[in-house]
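This report goes through one protein chain, from single residues to the chain as a whole. Please keep the sequence and the 3D view open while reading.

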Amino acid sequence: MELQIRAVLSGLFFGAWPLFMNLSGLPGPVSSAVFSGGTFLILILLAIPGFTPQDLEKVRWLFAALA
């Protein structure tokens with residue numbers, strides 16, 4: 001049940017951000033940059049606690065660069 005709730009919330013937030021950005025009055029490219037920067041910041045804060053230097057040994061850098 002928790003996974004479904006997270007999926008619904010994710011869909012709501014993803015659908016709502018363009019409406020709020022439109023109300024902000026920012027031009028399109030700037031609002032996209034603000035959204036991308038905010039997303040990057042949140043993801044980095046969530047990813048850092050689970051990161052260990054040993055994880056870098058398993059990385060397939062070619063695929064990471066292609067992604």
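Gly50 is exposed, with a relative accessible area of 60%. In this predicted model, Gly50 sits in the loop between α2 and α3, the latter covering residues 61-66. How far apart in space are Gly50 and Ala65? Their C-alpha atoms are 21 Å apart, while along the sequence the two residues are separated by 15 residues.

A pair of aromatic rings is described by the distance of the centres and the angle of the planes. The count for this chain is one aromatic pair. It is made by Trp17 and Phe35, with ring centres 4.0 Å apart and planes at 5°, so the pair is stacked. The reasoning rests on a cut-off: planes under 30 degrees apart count as stacked. Trp17 is in helix α1, which spans residues 2-24, and Phe35 is in helix α2, which spans residues 28-47; therefore the pair ties together parts that are 18 residues apart in sequence. Trp17 is partly exposed at 22% relative accessibility, and Phe35 is partly exposed at 29%.

Side chains of opposite charge can pair when their charged atoms come close. How many salt bridges are counted? The count is one salt bridge. The side chains of Glu2 and Arg6 form it, with a distance of 2.8 Å from N to O. Glu2 and Arg6 are four residues apart in helix α1, so about one helical turn separates them. Glu2 is exposed at 52% relative accessibility, and Arg6 is exposed at 55%.

The surface also has a nonpolar patch. Met1, Ile5, Val8, Leu9, Leu12 and Phe13 form it, and together they have about 680 Å² of accessible area. One of these residues, Val8, lies in helix α1 and is exposed, with a relative accessible area of 52%.

The table lists the accessibility of the residues discussed above.

| Residue | Relative accessible area | State |
|---|---|---|
| Trp17 | 22% | partly exposed |
| Phe35 | 29% | partly exposed |
| Glu2 | 52% | exposed |
| Val8 | 52% | exposed |
| Arg6 | 55% | exposed |
| Gly50 | 60% | exposed |

The last topic is the whole chain. It has three helices and zero strands, and the pattern read along the sequence is α-α-α. Why is the chain described as more spread out than a compact globule? The radius of gyration is 16 Å, whereas the globule rule gives 11 Å for 67 residues; the value for the chain is well over that, so the chain is more spread out than a compact globule. Along the principal axes, the C-alpha atoms fill a box of roughly 45 × 35 × 20 Å.

Technical notes
Residues numbered from 1 in each chain as written. Predicted model: local features only at pLDDT ≥ 70, side-chain atom pairs only at ≥ 80, totals over all residues. Heavy atoms only, no water. Helix = DSSP H or I, 4+ residues; strand = E, 2+ residues; numbered from the N terminus. Rg over C-alpha atoms; globule rule 2.2 N^0.38 Å. Phe/Tyr/Trp six-rings, centres within 6.5 Å; stacked < 30°, edge-to-face > 60°. Buried < 20%, exposed > 50% of the residue type's maximum accessible area, 1.4 Å probe, protein only. Patch = residues over 30% accessible without salt bridge, like charges linked within 9 Å, V, L, I, M, F, W, Y side chains within 5 Å. Areas by Shrake-Rupley, 256 points an atom, 1.4 Å probe, with all protein chains shown as cover. Salt bridge = Lys/Arg side-chain N within 4 Å of Asp/Glu carboxyl O.
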